[in-house]
Amino acid sequence: MESHSGWSENFASSDKPYSGNGLEAVLCCPACRVGGLESLAEGLRCPGCGMLFPRIGETPILVPDAEHHCASVERMQKENPAWYAAEQDPEETSPWRHHLKKRRLYVTGVIRRHLERLGLERAERLLDLGCGDGTNLRWLSAFGRDIHGSDYNPLRLARAERRLPSAKFFLADILRYPVQPDSYDIVFCNHVIEHVPDDLGVLQTIRRILKPGGLAILGTPNEGAWWWQWAYRRAPETLRQTDHVHFYTARIIEAKMLKSSLDVTEIKHLGWGPPDWALDGRIRRYKLVDDGFALFGRVFLPHQASSLYLIATKGKPDA
C-alpha cells in the first residue's frame, strides 16, 4: 500500500468483525472523549456520540473527518513530497547514521535506567508519538510489552506496519489525541513538536496520556541556537523549504514543558557539525568526522549541538 493517493478508497468494508487490535484499552473518541470504542467490521464506533472511525487494514483512522484528513495529507504529499512522502532513512543508511546511533544509545540508556529503578525488564505499554515510518520503533520495541505507534500520515503508518507488524498503530491528530488519560508508561516523541504550531498542546497531550511516574522522552532540533541560526542565514532557501515552525533552545523548550506541568529531570545536547546544511550531511557520514565534531562541540560549544533531548515525568494523575 505504498501509493499515497486515494487513501479514503482503502477504508475497510467487510462482514468480518474488526478485532480492534487490542487498542480499545487506551483509545477514546477524539470528538467527545468517551472510551470503550466498539469494534465493527468497518472500524471503531464511539458509544457516546455514535461517530464511526474507519480503518485502513488494521489501522483505525481516529480523526472526526477521516476523508477530509486523508485528502489534506495527500495534498501536502504532492506539494512537498520530500517532507511528507519520501521514505525516512533508517539509521544504517542515513548520512547522519553515526549521530543517529549516538541518539539511540542515549535514549536506550535513559529507558534502561528508568526500568532498572522500577525493577522492571520492560514497560507495560510504550508509545512512539509521531512514529513516522517506524524507524525508531524497531529498537524501542525491546522496552515494552505492548508497543503502540501513531502518526497523522497514513503513508508513513503503512510503512511502519510493514517494518514492525507486532506493534499496534493508529492514525490521530496530536492535538485531539484519542487516548485516555494515564495510559502509557513511556512516551517517546522525537522530532515532532517543532512541526506543530500549538506546541503547548503537544506537551499537554504528552502529560495527559503519561502515567504518573512514567517516562516522557522529547527530542527536537536545537535550531534556536545561534550556531544553527547562522546555518539558516547562510542558506535562506533551506529555511523556506522546511516545515519547522519552532526553533528551540533548551531554555525555551524546558520552560514550555514546565508550563505544561511536566517535570523535567534531564536535558541532553547531542551532535555537533558545521553551520552549513549541505556540508553537514556530506561530511558527518564519516565516523571520525562526526566523533571529532562531537568532541570539539562538547568542550567549546556545549549548547550549540544539533539535537536536544529532554527527559520528564509527571507526578499526579490527569483528570
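A salt bridge here is a side-chain nitrogen of Lys or Arg within 4 Å of a carboxyl oxygen of Asp or Glu. The model before you is predicted, and it holds 19 salt bridges. Among the residues involved, Lys102, Asp280, Arg284, Lys287, Asp290 and Asp291 are linked in a network.

The axes of helix 3 (residues 97-118) and helix 11 (residues 287-300) come within 9 Å and cross at roughly 55°. The two helices are therefore oblique to each other. Helix 3 contributes His98, His99 and Lys102 to the contact, and helix 11 contributes Lys287, Asp290, Asp291 and Ala294. Sorted by class, this contact has four charged, two polar and one nonpolar residue.

Next, consider Asp146. Its salt bridge with Lys168 has the closest N and O atoms 2.9 Å apart. Asp146 lies in strand 6 and Lys168 in strand 7, so this pair ties together parts 22 residues apart in sequence. Both Asp146 and Lys168 are buried. Asp146 also meets Arg125 in a salt bridge, at 3.7 Å from N to O. Arg125 belongs to strand 5, so here the parts tied together are 21 residues apart in sequence.

Which residues have the most contacts inside the largest nonpolar core? They are Leu27, Phe170 and Ile206, in a core of 37 residues. Helix 6 gives the most to this core, with four residues. Beyond its neighbours within four places in sequence, Ile206 is in contact with Leu129, Val187, Cys189, Ala216, Leu218 and Leu262.

How values were computed
Residues are numbered from 1 along each chain as its sequence is written. This is a predicted model: local features need pLDDT of at least 70, side-chain atom pairs count only at pLDDT 80 or more; totals for chains, interfaces and linings use all residues. Side-chain values use heavy atoms; hydrogens and water are left out. Axes are lines fitted to C-alpha atoms, for helices over the stretch in contact, and angles run from 0 to 180 degrees between N-to-C directions. Angles under 35 degrees count as roughly parallel, over 145 as roughly antiparallel, 65 to 115 as roughly perpendicular and the rest as oblique. Contact means heavy atoms within 4.5 Å. Ala, Val, Leu, Ile, Met, Phe, Trp, Tyr, Cys and Pro count as nonpolar, Asp, Glu, Lys and Arg as charged, and the others, Gly among them, as polar. A nonpolar core is a set of buried Ala, Val, Leu, Ile, Met, Phe, Trp, Tyr and Cys residues joined through side-chain atoms within 4.5 Å. Buried means under 20% relative accessible area, exposed over 50%, partly exposed in between (1.4 Å probe, protein chains only).
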